[in-house]
Amino acid sequence: KYQEGDFIWKHKDDRNNRLFSFVIQLDNDEDYTGGDFVYWINENELFMTRKQGFGMIFKAGVYHEVKPVVSGTRHSFVSFLRTDQIKKLSKAPLI
């Protein structure tokens, strides 16, 4: 949840055994201003669409940030896939 003035600075998620990051846009793009999700691929600055329900999966080593929310409230779902989770899945019986 990001409210007016909230942001996340440019960073990577590649710590704590994280392999991939997941981000899903939960709000309608008209519910807030600012708050763009920005990421970088090969020095190119790219913006994730603000369409409600849109999501991205990206390598945890990709730089990204959320620009300051100017007005309204921005909600997103964020999760990670970690190496220790993969090890547990590989030992789990198949149903």
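**Entry 1: a starting residue**

I began at D84, which counts as partly exposed at 24% relative accessibility. The cut-offs I used are these: buried means under 20% relative accessible area, exposed means over 50%, and partly exposed lies in between (1.4 Å probe, protein chains only). I noted that this is a predicted model, where local features need pLDDT of at least 70, side-chain atom pairs count only at pLDDT 80 or more, and totals for chains, interfaces and linings use all residues. Residues are numbered from 1 along each chain as its sequence is written, and side-chain values use heavy atoms, with hydrogens and water left out.

Next I looked for a partner of D84. D84 forms a salt bridge with R82, and the closest N and O atoms are 2.7 Å apart. A salt bridge here is a side-chain nitrogen of Lys or Arg within 4 Å of a carboxyl oxygen of Asp or Glu. R82 is partly exposed too, at 30% relative accessibility.

**Entry 2: other salt bridges**

How many salt bridges does the structure hold? I found four. Side chains of opposite charge can pair when their charged atoms come close.

I looked up the pair of D36 and R50. Their side chains meet in a salt bridge at 3.3 Å, N to O. This pair links distant parts of the chain. D36 sits in the loop between β3 (32-34) and β4, while R50 sits in the loop between β5 and β6, 14 residues apart. Is R50 buried or exposed? R50 counts as buried, at 17% relative accessibility. D36 is partly exposed, with a relative accessible area of 23%.

Then I took K67 and E65. They form a salt bridge, with the closest N and O atoms 3.2 Å apart. K67 counts as partly exposed at 29% relative accessibility. E65 counts as buried at 13%.

**Entry 3: the whole chain**

Helices (H or I, at least four residues) and strands (E, at least two) are DSSP runs, numbered from the N terminus. From the N terminus on, the elements run β-β-β-β-β-β-β-β-β-α.

I checked the overall span. Along its principal axes the C-alpha trace covers about 45 × 30 × 20 Å. Of the 95 residues in the chain, 28% are buried.

I also looked at contacts, meaning heavy atoms within 4.5 Å. Among contacts between residues at least 6 apart in sequence, 81% join residues at least 24 apart.

The accessible surface of the chain comes to about 6,600 Å². Carbon and sulfur atoms account for 54% of that surface. Accessible areas come from the Shrake-Rupley method with a 1.4 Å probe, and for residues only the protein chains shown count as cover.

**Entry 4: an open sheet**

Which order do the strands of the three-stranded open sheet take? I read the order as β6-β2-β9, with antiparallel pairing. The edge strands are β6 (55-59) and β9 (76-82), and each pairs on one side only. Neighbouring strands of this sheet are turned by 15° against each other on average, direction ignored. For such angles, axes are lines fitted to C-alpha atoms, for helices over the stretch in contact, and angles run from 0 to 180 degrees between N-to-C directions.

Two strands pair if DSSP finds at least two bridges between them. I saw β2 and β9 pair in the antiparallel sense over seven bridges. I24 stands opposite F77 in β9. Strands of a sheet pair through backbone hydrogen bonds, either parallel or antiparallel.

**Entry 5: a hairpin**

I moved on to strand β4 (residues 37-41) and strand β5 (residues 44-47). They pair in the antiparallel sense over four bridges. V38 stands opposite F47 in β5. The hairpin of β4 and β5 has two residues between the strands, and N42 takes a positive phi near 50° there.

**Entry 6: two residues of β2**

I picked R18, which is found in strand β2. R18 counts as buried at 18% relative accessibility. Leaving out residues up to four places away in sequence, R18 touches D13, A60, F80, L81 and R82.

I then looked at F20, in strand β2 (residues 18-25). F20 is partly exposed, with a relative accessible area of 31%. With L19, I57 and I86, F20 makes a nonpolar surface patch of about 320 Å². Patches are made of residues with over 30% relative accessible area and no salt bridge; like charges are joined within 9 Å, and nonpolar side chains (Val, Leu, Ile, Met, Phe, Trp, Tyr) within 5 Å.
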